[in-house]
Amino acid sequence: MLDQLYQQVILDHNRSPHHYGSLAGATHSARGQDALCGDDILVELRLTDGRVEEAAFSGEACVITTASASMLMDWLVGRSRTEVETAYERFGQLLEDPERPDDSELGDINHLRAVSGFPARVRNALLPWRTVLRAFKERGIA
Amino acid sequence: METVESKVKDQLDVFALRDQFPVLERKVHDDKPLVYFDNAATAQRPLKVIEAMDDFYRRYNANVHRGVHQLSVEASEQFEGARESVRRLLNADSIREVVFTRGTTEAINLVAQAYLRPRLEEGDEILITHMEHHSNIVPWQMLCEQTGAVLKVAPINHKGELLVDELAAMINERTKLIGMVHVSNALGTINPVEEVCRIARQHDVPVLVDGAQATPHMAVDVQALGCDFYCISAHKMYGPTGIGALWARESILESMPPWQGGGEMINRVSFEGTTYNDLPHKFEAGTPNISGAIGFGKAVKFLEETGLEGIVWQEERLLDYATEKMQAVDGLTIIGTAEHKGPVVSFTLEGAHPNDIGTIVDHFGVAIRTGHHCAMPVMQFFDVPATARVSFAPYNLRNEIDIFIDALGKAREMLV
């Protein structure tokens, strides 16, 4: 089970996260913190016509949060807020129900479903998603 | 390992001690023996404590101080007997000085609201240290918001030791209370409480001590320490959760108004006015945590019967052994290297987040704490988002530390 959680794809995303860094011309941003765990990330988005043109994240976090953020940033490009909200719900269901088949719409993100066997870590997998959803709401860079 | 641990028997029969803790027989993650290294978060309970609480519910469950019937009399005797045990634990003068609370946190809040609040004016100062647990920070911040008082923080050094001279220099005529932790849960540092109390007395400033992490590991004598308030939690010292105590000198408690109103804390109630009960009941509104108090009393007896000398002896061996083994791990940094330390080792591992370390070692049966340990200012001081922490009890073994070090090696393999 541990090998599932820390499988190669996830470790690779942690070692070399995609879309890591700050984003020039960001229109939306939010900081996601989990004080209890020590995770602290910043998500930045550039939206054009209601769709994510570019996304980036930065900060310090555990493997699960970092990999989840990295995969999510890949996935986000071209998506609308409604699409993200729907996918967030489906991702949540995936983490709740190990019997559920993989969600083809979510692509690589399916690799994170082993988190469901580690209830204390579900919050880490969800943190980037929650931060993106907040970024949609709280527009603008401080 | 046999020979190493059998030497322990000269001082403390660790295996006989382990037999008293049923949970230590548990396996986790299918077949891994539990290695419980999260004792600073909450210790495990010996049978004596579990059985005493069970016995109360099975044989003499009744409310205390209220009934003339036999069960109530028995319950009251056991409840007050527990108070006497706590008095003995702290070497307090009288049971009138021992107030049962929900724990250390509630004890500190009680002092903040019932003792300090009426004495504070805008611009007055409350002095704490940089290594406090949130429970000895936030009640004072709330009080500052309510009164316009100011919270001052005495610095620590990079070993995690309190800078006593700097603390002394911060005391002035506006300082109305000093709050300090006896043993830091995040760093393990044992603070020079006696010295700080001596300095504070010269300035007539009362000292509150957060003793939650001290009573399981050392003899505490509130009279010798010279403090004014001492706050403890039963669950850190092998008793149940949800119960603890505030000790304060009788004259101080007498001078304080009640905190919460209700039953038990009154002498006589009419709609024209109410007179309050005697100490310590004045501060114990409502039906108390009776089974908790009984378990608390048994935990004190457990410490007495096990013997603090043997406990300290075993804990120091565990701390030394763990420190040595951990220092040899590549990329591992110990956070908190004070000269005087309790059996706590906080650490970071380069390239590995504490969360992931915690998950991986747990898979090998080792329960450790990861995160900010309710001491976020300590994390900020050492500039880390979080740490991992092992904390020991005398029932832990050196070969459990070996298991932990192996598991840590696996974590490094996977993550770094």
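In the predicted model, the contact between the two chains involves 14 residues of chain A and 14 residues of chain B. On the side of chain A that touches chain B, 9 residues are nonpolar, 2 are polar and 3 are charged.

Within chain A, helix H4 (residues 81-96) packs against helix H5 (residues 122-137), with the two axes 10 Å apart and at an angle of about 165 degrees. Because angles over 145 degrees count as roughly antiparallel, H4(A) and H5(A) are described as roughly antiparallel to each other. The crossing of these two helices is left-handed. From H4(A), the residues A:Arg81, A:Val84, A:Glu85, A:Tyr88, A:Phe91 and A:Leu95 take part in the contact, and they meet A:Val122, A:Ala125, A:Trp129, A:Val132, A:Leu133 and A:Phe136 of H5(A). Sorted by class, the residues of this contact comprise 10 nonpolar and 2 charged residues, with no polar residue.

The contact is made on the H13(B) side by B:Asp356, B:Ile357, B:Ile360 and B:Val361, and on the H15(B) side by B:Phe404, B:Ala407, B:Leu408, B:Lys410, B:Ala411, B:Met414 and B:Leu415. Of the residues in the contact of H13(B) with H15(B), 9 are nonpolar and 2 are charged, while no polar residue is present.

Strand E17 (residues 387-391) of chain B is largely enclosed by the rest of the structure, because 5 of its 5 residues are buried. B:Thr387, B:Arg389 and B:Ser391 point one way from E17(B), whereas B:Ala388 and B:Val390 point the other way, and all of these residues are buried. Strand E14 (residues 344-349) of chain B is joined to E17(B) by 4 bridges, and the two strands run antiparallel; in this pairing, B:Val345 stands opposite B:Val390 in E17(B). Strand E16 (residues 369-371) of chain B also pairs with E17(B) in the antiparallel sense, over 3 bridges, and here B:Thr370 stands opposite B:Ala388 in E17(B).

Two leucines of chain B were examined individually. B:Leu167 is located in helix H7 (residues 164-170) of chain B, and this residue counts as buried because 25 C-beta neighbours lie inside 10 Å, where 20 or more are required for that class. When residues up to four places away in sequence are not counted, B:Leu167 touches B:Ala154, B:Leu162 and B:Val196. Between B:Leu167 and B:Cys144, the separation is 23 residues in sequence and 19 Å in space, C-alpha to C-alpha. B:Leu89, which lies in helix H4 of chain B, is likewise buried, with 25 other C-beta atoms within 10 Å. Not counting residues up to four places away in sequence, the contacts of B:Leu89 are with B:Thr215, B:Val220 and B:Val300. B:Leu89 and B:Asp165 are 76 residues apart in sequence, and their C-alpha atoms are 30 Å apart in space.

The backbone of chain B was also considered. Most residues other than glycine have a negative phi, and most peptide bonds are trans. In chain B, however, B:Asn91 has a positive phi of about 50 degrees although this residue is not a glycine. B:Asn91 is placed in the loop between helix H4 (70-90) and strand E4 (98-101) of chain B, and with 14 C-beta neighbours inside 10 Å it counts as partly exposed. B:Glu264, also a residue other than glycine, has a positive phi near 70 degrees. The loop that holds B:Glu264 runs between helix H10 (250-255) and strand E11 (266-270) of chain B, and B:Glu264 is partly exposed, with 17 other C-beta atoms within 10 Å. Finally, the peptide bond from B:Leu279 to B:Pro280 is cis, with omega near -5 degrees, and B:Pro280 is situated in the loop between strand E12 (273-276) and helix H11 (290-306) of chain B.

Conventions
Residues are numbered from 1 along each chain as its sequence is written. Chains are lettered from A and ligands numbered from 1 in the order in which they are written. This is a predicted model: local features need pLDDT of at least 70, side-chain atom pairs count only at pLDDT 80 or more; totals for chains, interfaces and linings use all residues. Two residues are in contact if their C-beta atoms, placed from the backbone, lie within 7 Å. Ala, Val, Leu, Ile, Met, Phe, Trp, Tyr, Cys and Pro count as nonpolar, Asp, Glu, Lys and Arg as charged, and the others, Gly among them, as polar. A residue is buried if 20 or more other C-beta atoms lie within 10 Å of its own, exposed if 12 or fewer, and partly exposed in between; C-beta atoms are placed from the backbone. Two strands pair if DSSP finds at least two bridges between them. Axes are lines fitted to C-alpha atoms, for helices over the stretch in contact, and angles run from 0 to 180 degrees between N-to-C directions. Angles under 35 degrees count as roughly parallel, over 145 as roughly antiparallel, 65 to 115 as roughly perpendicular and the rest as oblique. A crossing is left-handed if the near helix is turned anticlockwise from the far one by less than a right angle, and right-handed if clockwise.
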